[in-house]
Amino acid sequence: MNSLDPEAICGASTQNQIYTPVERLDGVYETRNVSEKWMHLSRYHMCARRLKTLANRVEKAQQRPLQILDIACGLGYGSKILANSLGAQIKAIDLSPEALEYAAKNHAHPNVELIQGTVLEIPAQNESFDVVVCYETIEHVDLEQAFLALREFWRILRPGGVLYISTPNRYFTFLLQLMGMKNEFHFYEFRPEQLERFLTQHGFKVRARFGQTLAFPITYYLGRAGKLSPRLFFPKRQLPASLCMIAIFECEKSNR
């Protein structure tokens, strides 16, 4: 690792405290919060697996790599995973200059361009990306700003482009609040079915639904050994998203 401590990088905005320090962990080098580390890491690996077919199709038909926006990229390990796995060109955007500095020192990749920006006004041209990845971010803005963020995602995606978005399940976080564990940095938390309606209303067709939840200990240890992802992804038909800690949606840009 290099100089900056990921736990010290909270990247709060002067306008809104958008990001919480616990999510400024490093999915590769983190040693103190291993459970959170593997939850974050496995989302990117799932995304990379599901995008392989699209990456091959774009390369064959258009002779170019897949172009991905990783918005609220944090410390940059996820962007590097996508670049390595897919040979994709990644623009990794985050609000925090400290987080981007850490990413440049610890997870630099020739196919990853680090840019400072926010979900509310993305520095990119219309229809310039095949994929947008936005993990654990939409809950850090209020409902009106979430509307603006989805409008931005729709604007910068090419026709038929894919959005991966995840957020904590409001049913689950409500139980945590009852136990005195409230995340003060969350401005608005969605129930899974509510977020699905919100996505549909803003021009996205939900293609797949996943729930990320705690797994049996054997799964965790197999994951650390590189044999299996330490967090399992359940299609909605197997386990209702409302029962999971994290709701993840794979969406396609549709005509409004």
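## A tyrosine cluster

Tyr44, Tyr77 and Tyr135 are joined into a cluster by ring pairs; rings of Phe, Tyr and Trp (its six-membered ring) pair if their centres lie within 6.5 Å, with planes under 30 degrees apart counted as stacked, over 60 as edge-to-face and the rest as tilted. This is a predicted model, where local features need pLDDT of at least 70 and side-chain atom pairs count only at pLDDT 80 or more, while totals for chains, interfaces and linings use all residues. Residues are numbered from 1 along each chain as its sequence is written, and side-chain values use heavy atoms, with hydrogens and water left out.

Searching the whole structure turns up three aromatic pairs. One of them is Tyr44 with Tyr77, edge-to-face at 5.9 Å centre to centre and 75° between the planes. That pair links distant parts of the chain, 33 residues apart: Tyr44 sits in helix α1 (residues 34-62) and Tyr77 in helix α2 (residues 77-86). Helices (H or I, at least four residues) and strands (E, at least two) are DSSP runs, numbered from the N terminus. Tyr44 counts as buried because its relative accessibility is 5%, and Tyr77 is buried too, with a relative accessible area of 5%. Here buried means under 20% relative accessible area, exposed over 50% and partly exposed in between (1.4 Å probe, protein chains only).

Tyr44 also pairs with Tyr135: the ring centres are 5.1 Å apart and the planes stand at 80°, so this pair is edge-to-face. Tyr135 belongs to strand β4 (residues 129-135) and Tyr44 to helix α1, so the pair ties together parts 91 residues apart in sequence. With 7% relative accessibility, Tyr135 counts as buried.

## Two residues of strand β6

Now to strand β6 (residues 204-213), the place of Arg209. Arg209 counts as partly exposed because its relative accessibility is 29%. Its side chain makes a polar contact with the side chain of Glu196 at 2.7 Å; such a contact is a pair of N or O atoms within 3.5 Å, where within protein one must be able to donate a hydrogen and the other to accept it, and residues adjacent in sequence count only if both atoms are side-chain atoms. The C-alpha atoms of Arg209 and Ile248 are 6.0 Å apart, although 39 residues separate them along the chain.

Val206 lies in strand β6 as well, and counts as buried at 13% relative accessibility. Leaving aside residues up to four places away in sequence, Val206 touches Glu196, Leu199, Phe249, Glu250 and Cys251, where contact means heavy atoms within 4.5 Å.
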